[in-house]
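Please find below a colleague's note on the structure shown here. The remarks are set out as numbered points.

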Amino acid sequence: MSKQQQPVDARTDDAFAQALEFDAVKGRSLWDDARHRLFKNRAAVVSLVTLGIIVITVIVGPWLVPWDADFTDWDNIYSPPSLSNGHYFGTDAVGRDLLVRTMEGGRISLLVGLVATLVSLVIGVAYGTIAGYFGGRIDQVMMRIVDIFYALPFMFFVILLMVVFGRNIILVFVAIGAINWLDMARIVRGQTLSLKRTEFIEAAVTCGATPFNVIRRHILPNLMGVVMVYITLTIPQVILVESFLSFLGLGVQEPMTSWGALVNDGAQDMESAAWILVFPAIFLSLTLYCLNYIGDGLRDAIDPRDQG
Amino acid sequence: MLKYALNRLAWAIPTLLLLITVAFFMIRVAPGGPFDSEKSLPPEIEQNIKAKYHLDEPVIQQYFRYLGQVLRFDFGPSFQYRDWTVNQLIADGFPVSLSIGALAMLLSFVLGIGIGTMAALRQNTGLDHGLMGVAMLGISIPNFVIAPLLILAVAINLGWLPSGGWEWNWRNMVLPVITLALPVTAYIARLMRGSMIDVLNSDFIRTARAKGLSEITVIRRHAMKPALLPVISYMGPAAAGLITGSVVIERIFAIPGIGSYFVQGAMNRDYTLVMGVVIFYGVLIIAFNFIVDLIYAWLNPRIQY
């Protein structure tokens, strides 16, 4: 967050202002306003804190727990959650500690969420800015292509991809990212179209800036807000898709695991050992819940149009 | 209107062609064929099998042969279920998938619109926050998490409903339909709330109220139609979501629908079956989007055609 707190225009002019020893009154930038609004949103703040706790637990946790993720404790197979044997979340069918498995799975789920979102971000922003900036014929053709893609049953293609090329974690990233860029492209294009008509872009063009430079220096920084909102809303979607695939047995491969894969394991044994299902399910759902609320809060904060 | 409809229809054709092409070539580059087995067949027999399914022809020729077949709605024989054609498998599974999907669609629209309208009318009250909190839960908890939990609670512990399997009676449908409908319901409720609030703040609603119309009449006669527009345009994605969701739901509840055939086919490299399902569902989604577009244009006076 901290990087984006300064006003977008001022950032490029920082050096200039310092050279002049320009010491303006500290005003409230748009980002300050947005942050203020976000922190007033109770649901978003609670979600932010909860998510922070989950992320830290998942990242640091595996080092603190005395078990390894693939260690099989033969004396404690199907152990329910217990304080006495040290398996606080219980163990699974081959005696692996579920607490550490849940945390390791969380690492993968969150990683997929981040990387795949990044993939969709790069494709979507590049596609959207080009279509929006060049407009006309190019725009029409490019957006028609997006329309066509929209009509395809994408989940089926991802399943196909996973089946065809094998279960490979890199492929999971790319496949999921590659299907999620459509919304991003549309939103970015719309934003670029309206930015293009502003005076400062016109000025840059008049000064002889190349299209690439105009997009990079002037349009991209101003897309920040929308893109950030969209990223927070994409991450949960992506995590959901990954766990969907893993649930079908098409996602990450043993011994690696993810929340979706753990839920799948748990669903097999739920009659006799419900805890195997319940703990990963709680972590997965809670994370998605928090991310959705944060995305919502961020959208209200950055795009305050419908604040009554 | 006719011109608009024809234009929309014309766009469906390249979409369809792309769908078939991508699916066809993707599955052909897959390593491993449908007849790979531990025991290698004598070369003559292998040759015969390949010739029978035209796998010995150049890929391009296979592609055009397949296109021709698809135009005649013939998806060919299944590679795995030896005695079945893909058409038979789809015909077998579709009524099951359709009944669950259609019921879930109906349920989620009725519930979603109702809940959304209610929340909008009580904006920023406890009721609103409560309903939207639950809706957010519905969006956030994946249905493959809800399904096992429901089975555990309702089927296993309480014993009220069967935990899976399929017969044509309502008891087998309740849990799958509810699970499938849940995320869509939640999404529609949020969408409906937002658009209803927008509409209720507009001038023509103020006029309607100023005329002294009762709140119910204002909602029913004036606010409902414009507020429904975003929900209508969500119907296309909703249908796609339901179809995708049905893959998981059919697997969890052991329902013999198209989704379960698809996953089985994908695992077994049953080329024709997988292609058939992807194209079938693709056509379904495209057709559905087309109808939704028409309904939207018909409802929305601002669209010119």
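This is a predicted model: local features need pLDDT of at least 70, side-chain atom pairs count only at pLDDT 80 or more; totals for chains, interfaces and linings use all residues.

1. Residues are numbered from 1 along each chain as its sequence is written, with chains lettered from A and ligands numbered from 1 in the order in which they are written.

2. Chain B has eleven helices and zero strands (DSSP runs, H or I of at least four residues for helices and E of at least two for strands, numbered from the N terminus). Its C-alpha atoms fill a box of roughly 85 × 55 × 30 Å along the principal axes.

3. Of the 305 residues in chain B, 38% are buried (20 or more other C-beta atoms within 10 Å of the residue's own, with C-beta atoms placed from the backbone). Among contacts in chain B with a separation of 6 or more, 75% join residues 24 or more positions apart (a contact requires C-beta atoms, placed from the backbone, within 7 Å).

4. At the interface, 28 residues of chain A are in contact with 35 residues of chain B. Helices of chain B that each supply at least two residues to this side include α1 (2-28), α9 (215-252) and α11 (271-299).

5. The largest nonpolar core has 156 residues (buried Ala, Val, Leu, Ile, Met, Phe, Trp, Tyr and Cys joined through C-beta atoms within 7 Å). Helix α12 (residues 274-302) of chain A gives the most to this core, with 16 residues. B:Val277, one of the residues with the most contacts inside the core, is in contact with B:Ile90, B:Ile258, B:Tyr261, B:Phe262 and B:Gly265, leaving aside neighbours within four places in sequence.

Conventions
Two residues are in contact if their C-beta atoms, placed from the backbone, lie within 7 Å. A residue is buried if 20 or more other C-beta atoms lie within 10 Å of its own, exposed if 12 or fewer, and partly exposed in between; C-beta atoms are placed from the backbone.
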